[in-house]
Amino acid sequence: MARYFKSRTQGLGRKPGELVFIGSHDKEEIRTSLIDYSEKGIREDVWSDLPADKDLENPSTSLWLNFDGLHDLNRMDRIEERFELHPLVMADIVNTALRPKIEEIEGGIFFVLKMLRYSESDKKVMSEQFSMILRDDILLTFQEYPGDVFDPIRERLRAGKGRIRTAGLDYLAYCMMDSIIDNYISIVERIGEQIENNEEALLVNATPEVMERIIMLKREIIYLRKTIRPVIEAVQFLTKCENPLIRESTEPFINDLFANIRQVSEAIDTYREMLSEQLDTYNSLIGNRLNDIMKILTIFSVIFIPLTFIAGIYGTNFDYIPELHFRYGYLMLWGIILALAGAMLFVFKRKKWL
């Protein structure tokens, strides 16, 4: 399936709010995981389906409930009913082609972001849609398939280090966005190193392989730009949001998050310009190389034009050409040819055409 625009033909003609899964991971494992934590301790559970009501009844703790796998629409229907989600919100969750956004909904805040990973084998950036609903008593997260960038957060929750167990669910939501954006930074840095190395290789030897790498890197930077730029608008909305779910103590962290995503976007723009300059440099180097070749060929052509003219005169079939009967005419002709060629080479050298 295309990375830039996923097909939505299966959703044509459906009523608003009707669940239609748009994505490519239709055979991934379905799993529900829970982290129930407080300042005193932490409890973790994993289910192949949905947890029982009693597993979520603990008002003195914070609940993080994560759902892996979005393709089972029957399960998503039950999630919608159980947590009283708006149909349009659930429709957005199963639509993995959605643009990143953050918006206020009834009783909570709805987040849609993209988690990125870099495939070393394919040299491509791949994305997974990550959705999150922040409520006063629970944080719901939805992923296309198992595996994410939140393991450091889980380790901090288990270890009880820092403020993560006491700062509330809004701080946990911030930590998740921070991990996603930190992963953006890591991927951009990795591609940036390749771009800078490619620039050095370009100046040493502008080969077709270098051109292929430029085009490949330009494609990945464009994909990163398309994926990350909407996140700026989303986080900016969060900095101005006056929803009581975002506590005053969390606002400085969100402002720092906005600065980080702006920095990532600026780095992408910088690398995009560098790739455009590398492309221009490659074309200039190839053009200069072609000009050098044409110059050498032109010089040899200019040298041989008068020599060909002389040879053409004495190569005619007229009977009465006086010089043909000179005893040393052949040697004289060679002398004239060599002297003329040498003189032209001397003039070209003086004019620095060679």
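**View 1. D92 and the residues it touches.** In this predicted model, D92 touches L98, K101, E103, F110 and Q129, leaving out residues up to four places away in sequence; contact here means heavy atoms within 4.5 Å. Look for D92 in helix α2, residues 87-94. Helices are DSSP runs of H or I with at least four residues, strands are runs of E with at least two, and both are numbered from the N terminus. D92 counts as buried because its relative accessibility is 17%; buried means under 20% relative accessible area, exposed over 50%, and partly exposed in between, with a 1.4 Å probe and protein chains only.

**View 2. G69 in its loop.** G69 sits in the loop between β3 (62-68) and α1 (73-82). With 0% relative accessibility, G69 counts as buried. Setting aside neighbours within four places in sequence, G69 is in contact with E29, R75, M76, Q143, E144 and Y145. From C-alpha to C-alpha, G69 and D92 are 14 Å apart in space, and 23 residues apart in sequence.

**View 3. The open sheet.** Seven strands line up as β2-β1-β3-β7-β6-β5-β4, with mixed pairing; two strands pair if DSSP finds at least two bridges between them. At the edges, β2 (42-47) and β4 (101-105) each pair on one side only.

**View 4. β3 beside β7.** These two strands run parallel and are joined by six bridges, with β7 covering residues 138-143. Here W64 stands opposite L139 in β7.

*Notes.* Residues are numbered from 1 along each chain as its sequence is written, and side-chain values use heavy atoms, without hydrogens and water. Because this is a predicted model, local features need pLDDT of at least 70 and side-chain atom pairs count only at pLDDT 80 or more, while totals for chains, interfaces and linings use all residues.
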